[in-house]
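Work through the exercises below with the sequence and the model side by side. Try each task before reading its solution.

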Amino acid sequence: MHARAVAVTTTALLGVALLAPLSHARADLGGDAAEPSVIAHRGASGYAPENTLAAVDKAAELGIRWVENDVQRTRDGELVVLHDDNLRRTTDVEEVFPDRAPWKVKDFTAAEIARLDAGSWFGSEYAGARVPTLKQYVDRVEHNHQKLLLELKNPQLYPGIERETLKVLANEGWLDRPHVAGRLIVQSFSADSIRTVHELKPAVKTGFLGTPSVADLPAYAKFTDQINPSYGSLTRGYVASVHAFTGPHGRRMEVSTWTVDDADTARRVAAYGVDGVISNRPDVVRDAVREMADSAVR
Ligand code: G3P
Ligand code: CA
């Protein structure tokens, strides 16, 4: 293990890790900021149907620059943005295709999925919202001048999805220097998938979803720039441990935690020194961490 990491881990174990000073220049997932970046989880999904273009727009309306999404693949090879591996919870698929149980994304064509209503389950004002293709999704994020935390969801179900995702991103202009330098991160719960993305396109920033042991962090540091744990498992010491490592792009590794929807938890994880907070209610988190940063410099 890196000597600095050993020291940090030891400090954490002793329970004397220091509160991260709010005034320090924390990585803004691509820039510098005194407060963590806020990432709209599945778009601003507390206010609009998750993973739709409406949720991207809602995040933009709230002034949130980063959006997170989930990418899966249809039967005919189109990449679409949806969280679950089946269409039941967030579309009217059971009504439109009653004989197609269990309604898996991978069993439907893109044209079939394009017929589904992905908004009415959330609210009648969103009736007619569609499951976006990845192309439609990144084009909207681009249009809104936002940034994208793209999750490869269930990649084990979709062999080759890493290369296909990178191809869509390249076609839509998302692999040029400005995008990879500060507007795109690809994350997954699958370490293999993230390693593959890193090998295929080393310039792309990556994140691993989970909480690997500190002993395993040196291995992760070879292919991932971020370690992104659930806030429930997060400690100040763990954040410091991750920060002690240098990622594949020669910068301090980062931590973005999920899914934080209340001000108290937002303040707690911000005090731990996280670089990003992923939230269904990103305005609540943004206001809480901003107020905290402001009061620290007063
Ligand atoms: O970005 C973190 C978060 O999206 C991971 O969990 O299930 O919401 O995709 P999930
Ligand atoms: Ca996700």
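**Exercise 1. Strand β6**

Why is strand β6 (residues 147–152) largely enclosed by the rest of the structure?

Solution. First, the ground rules. This is a predicted model, in which local features need pLDDT of at least 70, side-chain atom pairs count only at pLDDT 80 or more, and totals for chains, interfaces and linings use all residues. Residues are numbered from 1 along each chain as its sequence is written, chains are lettered from A and ligands numbered from 1 in the order in which they are written, and side-chain values use heavy atoms, with hydrogens and water left out.

Step 1. Strands (E, at least two residues) and helices (H or I, at least four) are DSSP runs, numbered from the N terminus. Buried means under 20% relative accessible area, exposed over 50%, and partly exposed in between (1.4 Å probe, protein chains only).

Step 2. Count. In β6, 6 of the 6 residues are buried, so the strand is largely enclosed by the rest of the structure.

Step 3. Sort the side chains by direction. K147, L149 and E151 point one way. L148, L150 and L152 point the other way, and all are buried.

**Exercise 2. The neighbours of β6**

Find the strands that pair with β6, and one bridge partner in each case.

Solution. Two strands pair if DSSP finds at least two bridges between them.

Step 1. Take strand β4 (residues 66–73). It pairs with β6 in the parallel sense over 6 bridges. V67 stands opposite L148 of β6.

Step 2. Take strand β7 (residues 184–188). It also runs in the parallel sense with β6, over 4 bridges. Here V186 is the bridge partner of L150.

**Exercise 3. The calcium ion**

Which residues are the protein donors of the calcium ion (ligand 2)?

Solution. Donors are N, O and S atoms within 2.8 Å of the metal (3.2 Å for Na, K and Ca); water is not among the atoms, so sites may look incomplete.

Step 1. List them: E68 (OE), D70 (OD) and E151 (OE), lying 2.1 to 2.3 Å from the ion.

Step 2. Read the spacing along the chain: E-x1-D-x80-E. D70 in strand β4 and E151 in strand β6 are 81 residues apart, so this pair links distant parts of the chain.

Step 3. Check the cover. D70 is buried, with a relative accessible area of 1%. E151 is buried too, at 3% relative accessibility.

**Exercise 4. Ligand 1**

Describe the shell around ligand 1 and its polar contacts.

Solution. A residue is near a molecule if one of its heavy atoms lies within 4 Å of it.

Step 1. Name the shell: H41, R42, E68, D70, H83, E151, K153, Q187, F189, L209, W258 and I278.

Step 2. Class the residues. Ala, Val, Leu, Ile, Met, Phe, Trp, Tyr, Cys and Pro count as nonpolar, Asp, Glu, Lys and Arg as charged, and the others, Gly among them, as polar. The shell has 4 nonpolar, 3 polar and 5 charged residues.

Step 3. Find the polar contacts (pairs of N or O atoms within 3.5 Å; within protein, one must be able to donate a hydrogen and the other to accept it, and residues adjacent in sequence count only if both atoms are side-chain atoms). The side chain of H83 has an N or O atom 2.7 Å from an oxygen of ligand 1. For the side chain of E151, the distance to a ligand oxygen is 2.9 Å. A polar side-chain atom of Q187 also lies 2.9 Å from an oxygen of ligand 1.

Step 4. Judge the cover. Ligand 1 taken alone exposes 290 Å², and the protein buries 91% of that (Shrake-Rupley method, 1.4 Å probe).

**Exercise 5. Backbone details**

Solution. Step 1. The bond from A101 to P102 is cis, with omega near 5°. P102 is in the loop between α3 (93–96) and α4 (110–114).

Step 1. The bond joining W258 and T259 is cis, with omega about -20°. T259 is in the loop between β10 and α11.

Step 2. Now look at phi. N51 is not a glycine, yet its phi is positive, about 60°. This residue lies in the loop between β3 (37–40) and α2 (53–61) and is buried, at 2% relative accessibility. N154, also not a glycine, has a positive phi of about 50°. Its place is in the loop between β6 and α6 (161–171).
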